[in-house]
Amino acid sequence: MDVLMPVPLPPLIRQAMAQHFTLHTLWNQADPDALIEQIAPRIKAIVTGVAILAEDHQYPITSSVMQRFPNLRLIANLGVGYDNIDVSFARQHGIEVTNTPDVLTDETADTAMGLLLNTIREFSKAEAYLRAGHWLQKPYRLSASLRGRTMGIVGLGRIGKAIAKRAEPFGLRIVYHGRHHQTDMPYEYYPSLVDMARAVDILMIVAPGGPQTRHMINAQILQALGADGVLINIARGSLVDEEALIEALTKRTIRAAGLDVYANEPHVPQQLLDLDHVVLLPHIGSGSQPTRDLMCQLVVDNVLAFGKGEAVLTPVRDA
């Protein structure tokens, strides 16, 4: 079976694909289009990944890309998000799409809680204060507190639920907004995002990326969150109107923000870098070696199953 890898994925995936299949790589070709013209009819599977997991290479698998491969039947994606793939077109044309859920849930949820604590309690700034020798002159300033807060989770999927599970022992009240009311969940559901923003003082963004959620966190939502509000985004940078967020932080419309994702990664606006009440991480939500290895192995296992004519392990079903 011929497999196309358009972006540089981790060695675990590359080696497995080269061992079991005829692998064609695209990112290192002098003329990628010429290679595609040569091999297009033979390609049965595309193995790809979101930019942060592919050395920041981007190659969106759009409808026009898929149309170039008449026998394409599988797109295996490294990452739980799949906004780099036109899943709707794939589904309409009998192309299976897989992602890597579950194996990164706990790591990402841990990161979310760490980012929240750091943003409110200012741990990284306090450490920098100590390292600079300022503690010798006077103690670090008092921070805000996590106590007595309500967290509104935007997107109560696998990761959202794992965050809620971690947040409850901290005494946080949990509510959520999403596409559907989940009647098996004990948390209050808000069908209106702006209404939830008015009712909470922490917005935890965990929803998937894509056109439907682009800039769902806009100036109106930030205004509703209010002056003591804290925004945490570990999902996709596209969900937040970055210019509106910068304005809200600059004018102190909200208290603070903790960000692991950005609109134009790896480029972070200088305005964010200049602010002292925002914590910035380089998209490390699932970025531990054990978790990344599990994600890579799941990609491999999906392609191996497909190659044997078996059902893939983690098909995308809810797009």
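**View A. A cavity in the predicted model.** A search of the whole structure turns up one cavity of 30 Å³ or more; a cavity is a set of points on a 1 Å grid over the protein atoms alone where a 1.4 Å probe fits but cannot get out. The largest cavity has a volume of about 40 Å³, the space filled by probe spheres set on the points. Its lining, residues with an atom within 4 Å of a point, consists of Asn 233, Gly 237, Val 240, Glu 242, Leu 245, Leu 259, Val 261 and Tyr 262. Five of these lining residues are nonpolar, two polar and one charged, with Gly counted as polar and Tyr as nonpolar.

This is a predicted model, where local features need pLDDT of at least 70 and side-chain atom pairs pLDDT 80 or more, while totals for chains, interfaces and linings use all residues. Residues are numbered from 1 along each chain as its sequence is written, and side-chain values use heavy atoms, leaving out hydrogens and water.

View B. Helix 10, a DSSP run (H or I, at least four residues), spans residues 242-250, and its buried residues include Glu 242 and Leu 245; buried means under 20% relative accessible area with a 1.4 Å probe, protein chains only. Among the elements that its buried residues pack against are helix 9 (219-225) and strand 10 (230-233). At the start of helix 10, a side-chain oxygen of Asp 241 comes to within 3.2 Å of the backbone nitrogen of Glu 243. Arg 252, with a positive phi near 60 degrees, follows the helix.

Note on methods. Buried < 20%, exposed > 50% of the residue type's maximum accessible area, 1.4 Å probe, protein only. Helix = DSSP H or I, 4+ residues; strand = E, 2+ residues; numbered from the N terminus. Contact = heavy atoms within 4.5 Å. Polar contact = N/O pair within 3.5 Å; in protein donor to acceptor, adjacent residues only side chain to side chain. 1 Å grid on protein atoms, 1.4 Å probe; cavity = no way out; pocket = protein on both sides within 12 Å on 5 of 7 lines; lining within 4 Å.
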